[in-house]
Amino acid sequence: MEAFFDIAVDVLVDATKDTLYLIPFLFVTYLVMEWLEHKTGDKAEAAIQRAGAAGPFIGALVGVVPQCGFSAAAATLWAGRVITLGTLFAVFLSTSDEMLPIFIAEQVPLDVILKILGAKIIIGMVMGFVVDAALRVARRIDSPLHIHDLCEHDHCHCHDGEGGILKSAVKHTLQVTVFVFAITLVLNAVLAVVGEEALGEFLTANPALSVLGSALVGLVPNCAASVVIAQLYVDGILGSGAMLAGLLVSAGVGLLVLFRANRHPGQNVLVVVLLYATGVTWGFIVNALGIVF
């Protein structure tokens, strides 16, 4: 009974820590979105859409910071169509989650770390521009800003009465935070029972399929996924292709926020499928070219 209590406490503490640090990212993101919606008008919207062409470049650079808070912010911004789908992809693909702290703790050579980060940035940029270009060719450009639609979807009535953009930002932040906390709590409980060792065994059970397995584990919206992948690479168990495939798709809680903020489930599933396919494709390319970081 005591062991169960200890595990429950650890799960609760970890879920709380994983969620609390997202609050500033989410609050600032919603505050900016509400300001854009209420204060700027058509000229600002047009400026944002013009700047969106360079979004994948900026998104890949921002996403590489070892925090999945930026991926959560990007998911929210795309749900409001403030950024393009390509920019969202760039952020998701370059996001490092817990990779960098693990590499630093394990004293991975600096040049190796820089090569891996550089590969993630370049792939994020390239794929982001490819996604946006494909949407333009298909004439399915992201629609104009519709931040108010998020309010209608959440039934929060945050535009009624007083409080303005601050009240709205607080309400949206709280709603998303509660959702992320609940899902993270469940994931942490499952991982506590299954164990990170089981994830490692899954990845190494069939080396020939390690790229596919690593990318699948990378989609788990929890920092444990990137920790396991990075650690197995450091230990020499995972090759460069499998490592890169898993870390490219490790967008962390950004995926949870995507499913909570964007009101089109089909679009969210498509994003996940394309993200997985991208990670797997680049993992196989790295293996085929014999690239070793």
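Q: Is R81 buried or exposed?

A: R81 counts as buried, because its relative accessibility is 9% and buried means under 20% relative accessible area, with exposed being over 50% and partly exposed in between (1.4 Å probe, protein chains only). Please keep in mind that this is a predicted model, in which local features need pLDDT of at least 70 and side-chain atom pairs count only at pLDDT 80 or more, while totals for chains, interfaces and linings use all residues. Residues are numbered from 1 along each chain as its sequence is written, and side-chain values use heavy atoms, with hydrogens and water left out.

Q: Where is R81 found, and what is its phi?

A: R81 is in the loop between α5 (69–79) and α6 (85–94), where helices are DSSP runs of H or I with at least four residues, numbered from the N terminus. Its phi is positive, about 55°, although R81 is not a glycine.

Q: What ring does R81 lie over?

A: R81 lies over the face of W78, at 4.1 Å from the ring centre; the rule asks for NZ of Lys or CZ of Arg within 6 Å of the ring centre and within 35 degrees of the ring normal.

Q: Which other residue has a positive phi of about 55° although it is not a glycine?

A: Q107 has such a phi, and its place is in the loop between α7 and α8 (110–137). Q107 is exposed, with a relative accessible area of 69%, whereas R81 is buried at 9%.

Q: Changing topic, how many aromatic pairs are there?

A: The count comes to one aromatic pair, where rings of Phe, Tyr and Trp (its six-membered ring) pair if their centres lie within 6.5 Å, and planes under 30 degrees apart count as stacked, over 60 as edge-to-face and the rest as tilted. The pair is F103 with Y233, and it is tilted, with 6.1 Å centre to centre and 45° between the planes.

Q: Why does that pair tie together parts that are apart in sequence?

A: F103 lies in helix α7 (residues 99–105) and Y233 in helix α13 (residues 223–234), so the pair ties together parts that are 130 residues apart in sequence. F103 and Y233 are both buried.

Q: What about α13, how does its span agree with what it should be?

A: The twelve residues of α13 should span 16 Å at 1.5 Å a residue, and its end C-alpha atoms are 17 Å apart, which agrees; the expected span is 1.5 Å times one less than the number of residues. The buried residues of α13 include V228, I229, L232 and Y233, and the helix is followed by G236, whose phi is positive, near 80°.

Q: And what follows α16?

A: α16 is followed by G290, whose phi is positive, near 70°. Helix α16 (residues 265–289) has 25 residues and reaches 36 Å from its first C-alpha to its last, close to the 36 Å expected, and among its buried residues are N268, L275, G279 and V286.

Q: Which residues make the nonpolar surface patch?

A: F57, I58, L61, V62 and F129 make the patch, which is about 410 Å², and helix α4 (residues 55–63) gives the most to it, with four residues. L61 is found in helix α4 and is partly exposed, with a relative accessible area of 40%.

Definitions and conventions
Helices (H or I, at least four residues) and strands (E, at least two) are DSSP runs, numbered from the N terminus. Patches are made of residues with over 30% relative accessible area and no salt bridge: like charges are joined within 9 Å, nonpolar side chains (Val, Leu, Ile, Met, Phe, Trp, Tyr) within 5 Å. Accessible areas come from the Shrake-Rupley method with a 1.4 Å probe; for residues, only the protein chains shown count as cover. A salt bridge is a side-chain nitrogen of Lys or Arg within 4 Å of a carboxyl oxygen of Asp or Glu.
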